[in-house]
Amino acid sequence: MTAAGDIRIELTHRGGQAGAARIVSTRPQAAARVLLGKTPEQLLSTVPLLFSLCGNAQSYAALLACRAALDLPADAQADTARACLLQLETVREHAWRILLDWPGLLGRQPDKAAVATLLNLTTRFKPCLFGDGEAFKLDSHLQIDSNRLAGLLAELNELLDQMIFDGGMRAFHAIADETQLADWLAGNTALSAELLHGLYRLDWQAVGRNHIRCLPALDSPSLLAHLQTQDLSAFCRAPQWQGHCHESTPLGRQQSQPLIAALQNRYGNGLLARFAAVLREVAEITLQLERFGVTAFEPAAAYGGDGNGRARVQA
């Protein structure tokens, strides 16, 4: 266990078949209490220290909630830059796990050098967008170094394309059905392709298939009404929506895309659809970042006033 807590998963099995599962979070619930009594500025300085996982997403949600509570206007250009940082964080976390964990599934050594390059590269984006590197403060100063930013985005694109897709990222992103996927996999030695090959070879495409639904799109009024009926401490420990558990994963974000929909239709939400969804999200975000300033990212949501603010971001 770490100071941040952990997730404990217990499987009950017999004859090699899992019959039941139990998941318990030991995450401490003290984080909110740490923030009580702080000024908005103090709160925004504290949040990234409390949450190391998805730190940019947590910081942006906190900023949006503070802004809503204080009835402050949005800054569209700065928020576009912040959304860029959120997307970078998401693709970094995906690529980090792909480069460290997926080689082991194929009997290879992880590419630690590529991971180190990735982590170093992604730390250089904030100063390109905000002169002092402070992106999530009430007085953040947007100062985009366009030439430097374009260079970093090109580096990121090249790194992910080569290390994960062996130069075939755009082709993978364009795949619309399983026949096209088979064509892309044929003779392909990319890390991503070899992992998907492995699922087919082992006939594991549907392994892990279950009936848990993906979290639907939530509108702010419905979410607010739901939270007002909840014990928020219990909700944080074991959140449900309309009486059911849902998953919030790349599969949910990508399930409307033709390839993922086709794979789910045949194999359900098993391993093939899940791995393909992660790969497609990496490709999609990387190609969107390439068009920064032209392609809009999914907007975050904030609402409130009179001293109360709530916000949600996708991460």
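This is a predicted model: local features need pLDDT of at least 70, side-chain atom pairs count only at pLDDT 80 or more; totals for chains, interfaces and linings use all residues.
Residues are numbered from 1 along each chain as its sequence is written, and side-chain values use heavy atoms, with hydrogens and water left out. Local features need pLDDT of at least 70 and side-chain atom pairs count only at pLDDT 80 or more, while totals for chains, interfaces and linings use all residues.

Take strand β1 to begin with. The patch, about 450 Å² of surface, is made by I7, I9, L11 and I23. I9 sits in β1 and is exposed, at 59% relative accessible area (exposed means over 50%, buried under 20%, partly exposed in between, with a 1.4 Å probe and protein chains only).

Next come two helices. α4 (residues 76-105) packs against α5 (residues 112-122) at about 170 degrees, the axes being 9 Å apart. The two helices are therefore roughly antiparallel (angles over 145 degrees count as such).

As for charged pairs, the whole structure holds 13 salt bridges (a side-chain nitrogen of Lys or Arg within 4 Å of a carboxyl oxygen of Asp or Glu). One of them joins E194 and R108, at 2.4 Å from N to O. That pair ties together distant parts of the chain, 86 residues apart: E194 belongs to helix α10 (residues 191-201), R108 to the loop between α4 and α5. E194 is partly exposed at 26%, and R108 is partly exposed at 34%. K137 also pairs with E134, their closest N and O atoms lying 3.4 Å apart. Here K137 counts as buried at 19% relative accessibility, whereas E134 is partly exposed at 35%.

Note on methods
Patches are made of residues with over 30% relative accessible area and no salt bridge: like charges are joined within 9 Å, nonpolar side chains (Val, Leu, Ile, Met, Phe, Trp, Tyr) within 5 Å. Accessible areas come from the Shrake-Rupley method with a 1.4 Å probe; for residues, only the protein chains shown count as cover. Helices (H or I, at least four residues) and strands (E, at least two) are DSSP runs, numbered from the N terminus. Axes are lines fitted to C-alpha atoms, for helices over the stretch in contact, and angles run from 0 to 180 degrees between N-to-C directions. Angles under 35 degrees count as roughly parallel, over 145 as roughly antiparallel, 65 to 115 as roughly perpendicular and the rest as oblique.
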